[in-house]
Amino acid sequence: MNPLILENATANVASPVLVALDFSTADAALAFAARLDPSQCRLKVGKELFTAAGPQLVEQLAARGFQVFLDLKFHDIPNTVAHACKMAADIGVWMVNVHASGGRRMMSAAAEALANYSQRPLLIAVTVLTSMEAADLAEIGITVPPQEHVLRLARLTRDSGFDGVVCSAQEAPLLKAELGQDFKLVTPGIRLADSAADDQRRVMTPVAALQAGADYLVIGRPITKAVDPLAVLSGINADIRAWQLSQA
Ligand SMILES: O=C(O)c1cc(=O)[nH]c(=O)n1[C@@H]1O[C@H](COP(=O)(O)O)[C@@H](O)[C@H]1O
């Protein structure tokens, strides 16, 4: 693990928001990140940005104090995924993900590969993409309701030694009830009441997602494509704080 990155990426992040930096260049991502404070959110680097900008960009974000979720959704044979997860841990990311449909042996190999790290990234598996609904699953031969398939994959993920799953907030009450409070739920498909769903299908608003049991909210376009992204992020954080205070 890169000690410089760990030392820098220790910001006390008050918010459960992970902003998806779905940009096509390092410059665009760094310019956007320069407007944010690491106490306001964590950052997610996904396939588009990582393909364009690589590990160096992740290291630059971490050096600015951001905790980074490397969202490359590894899905391959166990040996390949295990080594890819090790590379992610060596970059110093805070969270990394794979596809749960890669199966138990793939996930166990990943967990085992990181077992000896004193401070390893959170290991998370994607269950059913939030862009999918029952009809999409039926086309690939999965005829049970989405939440049944999500629960099956989440159980497999937990039993493989992972820290949590990516799911939609719609499944959060079921997963918390079945798998316990400590198993982390990372929920994309977050939309404000007035924002377009875009390609997402299983969506929820930020506070409703937290109420349902989500631990982290992955939010991209509703923030990054807003006319005033900082105002939107601040508004979301203010709503979350108000809700948290009402629960205290
Ligand atoms: O693993 C993810 O982060 C992920 C899983 C999933 O099921 N759905 C999903 O949308 N994501 C990611 O979350 C982000 C959502 O972005 P927006 O739809 O723009 O808010 C994107 O970067 C997706 O790649």
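Here are some notes for finding your way around this structure, which is a predicted model.

1. Start with the overall build. The protein has 11 helices and 8 strands. Its C-alpha trace spans about 45 × 40 × 35 Å along the principal axes. For 248 residues, a compact globule would have a radius of gyration near 18 Å, and the protein comes in at 17 Å, which agrees.

2. Next, how the chain packs. Of the 248 residues, 42% count as buried. Among contacts with a separation of 6 or more, 72% are between residues 24 or more positions apart.

3. Now the barrel. The 8 strands close up in the order β1-β2-β3-β4-β5-β6-β7-β8, and the pairing is parallel. From one strand to the next, the twist averages 25 degrees. As background, strands of a sheet pair through backbone hydrogen bonds, either parallel or antiparallel.

4. Walk along part of that barrel and you can pick out individual pairings. β3 and β4 run parallel and are joined by 3 bridges; here Phe-69 has Met-95 in β4 as its bridge partner. Moving on, β4 (residues 95–99) pairs with β5 in the parallel sense over 5 bridges, with Val-96 standing opposite Leu-123 in β5.

5. How enclosed are β4 and β5? In β4, 4 of the 5 residues are buried, so this strand is largely enclosed by the rest of the structure. Strand β5 (residues 122–126) also has 4 of its 5 residues buried, so β5 is largely enclosed by the rest of the structure too.

6. Helix α3 lies across β2 (42–45) and β3, and runs at about 150 degrees to β3.

7. Gly-164 has Lys-184 as its bridge partner in β7. Lys-184 also turns up in a distance worth checking on screen: its C-alpha atom is 9.3 Å from that of Phe-162, although the two residues are 22 apart along the chain.

8. Phe-162 deserves a look of its own. Where does Phe-162 sit? You'll find Phe-162 in the loop between α7 (146–159) and β6 (164–166). Is Phe-162 buried or exposed? Phe-162 counts as buried, because it has 23 C-beta neighbours inside 10 Å, and the cut-off for buried is 20 or more. Leaving aside residues up to four places away in sequence, Phe-162 touches Met-107, Ala-111, Leu-123, Ile-124, Ala-125 and Thr-157. Leu-123 is the residue in β5 that Val-96 stands opposite.

9. On to the ligand. There are 20 residues around it, and Ala-20, Leu-129, Pro-188, Gly-220 and Arg-221 come nearest. The elements giving two or more residues to this shell are β3 (68–74), β8 (216–219) and α10 (221–224). By class, the shell is made up of 8 nonpolar, 7 polar and 5 charged residues.

10. Lys-73, found in strand β3, has a phi near 45 degrees, a positive value in a residue other than glycine. With 18 C-beta neighbours inside 10 Å, Lys-73 counts as partly exposed. Asp-198 has a phi near 55 degrees, again a positive value in a residue other than glycine. Asp-198 is found in the loop between β7 and α9 (206–212), and is partly exposed, with 14 other C-beta atoms within 10 Å.

Key:
Residues are numbered from 1 along each chain as its sequence is written. This is a predicted model: local features need pLDDT of at least 70, side-chain atom pairs count only at pLDDT 80 or more; totals for chains, interfaces and linings use all residues. A residue is buried if 20 or more other C-beta atoms lie within 10 Å of its own, exposed if 12 or fewer, and partly exposed in between; C-beta atoms are placed from the backbone. Two residues are in contact if their C-beta atoms, placed from the backbone, lie within 7 Å. A residue is near a molecule or strand if its C-beta atom, placed from the backbone, lies within 6 Å of it. Ala, Val, Leu, Ile, Met, Phe, Trp, Tyr, Cys and Pro count as nonpolar, Asp, Glu, Lys and Arg as charged, and the others, Gly among them, as polar. Two strands pair if DSSP finds at least two bridges between them. Axes are lines fitted to C-alpha atoms, for helices over the stretch in contact, and angles run from 0 to 180 degrees between N-to-C directions. The radius of gyration is taken over C-alpha atoms; the globule rule is 2.2 Å times the number of residues to the power 0.38.
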